[in-house]
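Have a look at it first, and then we'll go through it topic by topic.

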Amino acid sequence: MTEKALRLGTRRSKLAMAQSGQVADAVSQVTGRPVELVEITTYGDVSREHLAQIGGTGVFVAALREALLRGEVDFAVHSLKDLPTAQHEGLVVAAIPEREDPRDVVVARDARKLTDLPRGARIGTGAPRRMAQLNAYARTHGMEIETVPIRGNVDTRIGYVRSGELDAVVLAAAGLNRVGRIDEVTDFLSVDTVLPAPGQGALAIECTADNADLIAALGELDDPFTRAAVTAERSLLAALEAGCSAPVGALADLLADGQIVKEMRLRGVVGTTDGSTLVQLSTTGPVPETHEAAMALGRELATEMLAQGAAGLMGERAH
C-alpha cells in the first residue's frame, strides 16, 4: 500500500505553481511520499486594487493559512516576503530553503540597462520600496525617470514593456528564475542601487505546529544561513514598520574569508517614495547562531535607523 500523498497548498499564479512544484519534488525526495498540489485562490490574486490599498503583506497568505488550519492541506509554500512578520499561532515555518538570487532586475526596451534608459523613461513597479530607491538613484545620478505603479503577474508586467507602454519594469530576479524567464532581464540591479524586500528570493514552507513528524521531515530542506539572514531582515522590517506600509529594503549577506563564513552584514533602507530622503545604514557582526541573535541584529539596526530620522519618513500609520 502506497503512503497517502501529502497535500501542498499553493496560490494559482504561474510563479506560485512553479515554486511550489520545485518544493513538492524536494519534499517527495526527503519524505518518500508523493506530493499533490492543491490550488487555492487568495484575496491578493483576485483583487485588482494596488497592494498598498488592500493591506500589503498577508493578502496572498491568509487563504493558504486558513486551509492549513482547517486541515485541507498538509503544508503550504509562500514567498517569504509575502509573510507578515508576526508569528502565527498554531503554525510554524518548518523550512526556509536556500535562497535564490535576492536582487531586483530590469526588463527594458532595446536591451537597455538602467543607466542608459532615455530621459524621462517610464519605469513600472508595484513596490514603493523600489520607487523610493530608483528615484533616489536617479536624483543622485542626474537621470530623469518616472516611476509608474503597476500590478499583475510576470506576463502582464513584461507585456507593458513589449507593448511600448513603459520603457522598463523592475521585477525580482528570483521570480523570473523560477518561471524560466531570466534570459529576458536586461540589467541586474546591484544591491547598492536597490536593496531588495526583506526575505526576497526566499521561500517559507509552513505547516501546523502540532504536526511533529512533518516538521521534522520538512526541516531537512532548511538552510540555516538563509534562515539567519531573512530572520534578521524581517526583524528589521517589523521594528521599522510596526504596522505602516513603509517602503523598507533590507538584505543580510554573509561575508566569507575564502571558504569560511566569518560575519553577517545587514543593510537597511527606508525612504520617501519620491526618493528625496533616504535613511540607509548597515551593521556587521558575527553570524547569528540563534533565532534570538538574528532578531536582535535586525532590531538594533532598526533602532539606529529610527534615530537617524527613519520614523519621520514613515507617513501616517495605517490603523
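Gly32 sits in the loop between α1 (14-31) and β2 (35-39). In this predicted model, Gly32 is exposed, with a relative accessible area of 62%. Along the chain, Gly32 and Ala5 are 27 residues apart, and their C-alpha atoms are separated by 9.8 Å.

**The loop between β5 and β6**

- Next up is Asp110, which you'll find in the loop between β5 (104-108) and β6 (121-125).
- Asp110 has a phi near 55°, which is a positive value in a residue other than glycine.
- Why does that deserve a second look? Most residues other than glycine have a negative phi.
- Ala111 belongs to the loop between β5 and β6 as well, and its phi, near 55°, is also positive in a residue other than glycine.
- Are these two buried or exposed? Asp110 is exposed, at a relative accessible area of 64%, and Ala111 counts as exposed at 61% relative accessibility.
- The cut-off behind that word is over 50% relative accessible area, so Asp110 makes it with its 64% and Ala111 with its 61%.

**Helix α4 and what covers it**

- Helix α4 takes in residues 62-69, and its buried residues are Ala63, Leu64, Arg65, Ala67 and Leu68.
- So what covers them? The cover for the buried residues of α4 includes the strands β1 (6-10), β3 (75-79), β4 (91-95) and β10 (203-208).
- Just after α4 comes Gly71, with a positive phi of about 80°.

**How α9 and α10 pack**

- Two packed helices are described by the angle between their axes and the distance between the axes.
- For helix α9 (residues 224-241) and helix α10 (residues 291-307), the angle is about 40° and the axes are 7 Å apart.
- That angle makes α9 and α10 oblique to each other, because anything under 35 degrees would count as roughly parallel and the roughly perpendicular range is 65 to 115.
- The crossing of α9 past α10 is right-handed.
- On the α9 side, the residues that meet α10 are Ala228, Thr231, Ala232, Ser235, Leu236, Ala239 and Leu240.
- On the α10 side, the residues that meet α9 include His291, Ala294, Met295, Leu297, Gly298 and Arg299, along with Leu301, Ala302, Met305 and Leu306.
- Sorted by class, this contact of α9 with α10 has twelve nonpolar, four polar and one charged residues.

**A closer look at Thr231**

- Thr231 lies in helix α9 and is among the residues there that meet α10.
- Which residues does Thr231 touch, not counting those up to four places away in sequence? They are His291, Ala294 and Met295.
- Thr231 is buried, with a relative accessible area of 11%, where the limit for buried is under 20%.

**The chain as a whole**

- Stepping back, the protein chain has ten helices and 13 strands.
- The chain has 319 residues, and 51% of them count as buried.
- Take the contacts between residues at least 6 apart in sequence: 71% of these join residues at least 24 apart.
- The protein chain exposes about 14,700 Å², and carbon and sulfur atoms supply 49% of that area.

Terms used: Residues numbered from 1 in each chain as written. Predicted model: local features only at pLDDT ≥ 70, side-chain atom pairs only at ≥ 80, totals over all residues. Heavy atoms only, no water. Helix = DSSP H or I, 4+ residues; strand = E, 2+ residues; numbered from the N terminus. Buried < 20%, exposed > 50% of the residue type's maximum accessible area, 1.4 Å probe, protein only. Contact = heavy atoms within 4.5 Å. Areas by Shrake-Rupley, 256 points an atom, 1.4 Å probe, with all protein chains shown as cover. Axes fitted to C-alpha atoms, helices over the stretch in contact; angles between N-to-C directions. Parallel < 35°, antiparallel > 145°, perpendicular 65-115°, else oblique. Left-handed = near helix turned anticlockwise from the far one by under 90°. Nonpolar A, V, L, I, M, F, W, Y, C, P; charged D, E, K, R; others polar.
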